[in-house]
Amino acid sequence: MTDLLQATSLAKKFGDHEVIKDVSFSVPRGTVTAIVGPSGSGKTTLLRGLNALERPDSGIVQIADVSVDFAKIRASRRGRLGSADRALLRRYQAHSGMVFQGHNLFPHRTALQNVTEGPIVVQRVPAAEATENARALLAKVGLADHADKFPYQLSGGQQQRVGIARALALEPDLLLFDEPTSALDPELVGEVLDVIRQLAKEGRTMVLVTHEIRFARDVADEVLFIDGGLVVERGRPRDVLDHPKHERTQAFLRRLL
Ligand code: ADP
């Protein structure tokens, strides 16, 4: 299987705090990678780094045909990037779509408008075509009848499913999920996980940060256990989650029992 994503030696500091230390991993096309680990271990920072929402200080990530060497991307003192770097990052970011923890939909737009916004504004897709695609995507996540509702008229689980449809609308090669169920009431978690499970069955390439260990075991092809900004252990879910080799992984999983 060819790798869709290859990350090499990613590192990120906030002030003196080294949040990501030296992380390398790859994600073959059509597979699901779950990132698990204690709170504060750097999972979200790593995921946001993959999308350059939070630029790593150094390390190289290749997604599809675009490779970014983050050590070479340096802002000027005013915090501006050069136009070549900006163009490179735009091409890079176009390969992945992010689904966030909370419901960060545009509050004054309907579900449908939230999904069409990116294609129309970013990709210049004609409105009629974007609307037709968006309706199909909302149907796919079980929201065909809710297209014209505003976020406040939807439950948290429904909003999160709109967020997934919105990410899919840009047709990214790679979907990134940042704890997509952690802000939800327990009874709404299942409907969101079901949509993600369906996407996995379709062979979408996904990386997800999750606290849902059972779900990770179920859906992931590979699990990365992160602690202290390092990949402590990686492998098949049944190895990492059921027979962890490292003491830190064992301790983390014991705390969840
Ligand atoms: P996790 O997702 O595993 O809970 P995070 O990546 O959110 O971990 O955070 C890792 C560490 O980085 C934490 O100590 C957090 O406080 C710190 N951190 C995250 N984002 C920032 C930021 N923007 N500025 C300063 N520190 C941050």
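1. Start with the two helices H4 and H5. In this predicted model, helix H4 covers residues 127-140 and helix H5 covers residues 156-169. They pack at an angle of about 135°, and their axes are 9 Å apart. Angles under 35 degrees count as roughly parallel, over 145 as roughly antiparallel and 65 to 115 as roughly perpendicular, with the rest oblique, so H4 is oblique to H5. The crossing of H4 and H5 is right-handed.

2. Which residues make that contact? On the H4 side look for Asn133, Ala134, Leu137 and Leu138, which meet Ala165, Leu168 and Ala169 in H5. By type, the residues of this contact split into 6 nonpolar and 1 polar, with no charged ones.

3. Now for the sheet. It is open, has 4 strands in the order E2-E1-E4-E5, and its pairing is antiparallel. Strand E2 (17-28) and strand E5 (66-69) sit at the edges, each pairing on one side only. On average, neighbouring strands here are turned by 10° against each other, direction ignored. As a reminder, strands of a sheet pair through backbone hydrogen bonds, either parallel or antiparallel.

4. With E2 it runs antiparallel, joined by 8 bridges; to find your place, Ala7 has Phe25 in E2 as its bridge partner. The hairpin of E1 and E2 has 2 residues between the strands, and Gly15 in that hairpin takes a positive phi near 60°.

5. E1 also pairs with E4. Strand E1 (residues 3-14) and strand E4 (residues 58-63) are antiparallel over 5 bridges, and Thr8 stands opposite Ile60 in E4. Two helices pack on the sheet. Helix H1 (residues 43-50) touches E1, E2 and E4, and its direction makes about 125° with that of E1. Helix H2 (residues 83-93) touches E4 and E5, and its direction makes about 130° with that of E5.

6. What surrounds the ligand? The residues around it are Phe14, Val19, Gly37, Ser39, Gly40, Ser41, Gly42, Lys43, Thr44 and Thr45. H1 supplies the largest share of this shell, 3 residues. Sorted by type, the shell has 7 polar residues, 2 nonpolar and 1 charged. So that you can follow the sorting: Gly counts as polar here.

Note on methods
Residues numbered from 1 in each chain as written. Predicted model: local features only at pLDDT ≥ 70, side-chain atom pairs only at ≥ 80, totals over all residues. Pairing = 2+ DSSP bridges. Axes fitted to C-alpha atoms, helices over the stretch in contact; angles between N-to-C directions. Contact = placed C-beta atoms within 7 Å. Near = placed C-beta within 6 Å. Left-handed = near helix turned anticlockwise from the far one by under 90°.
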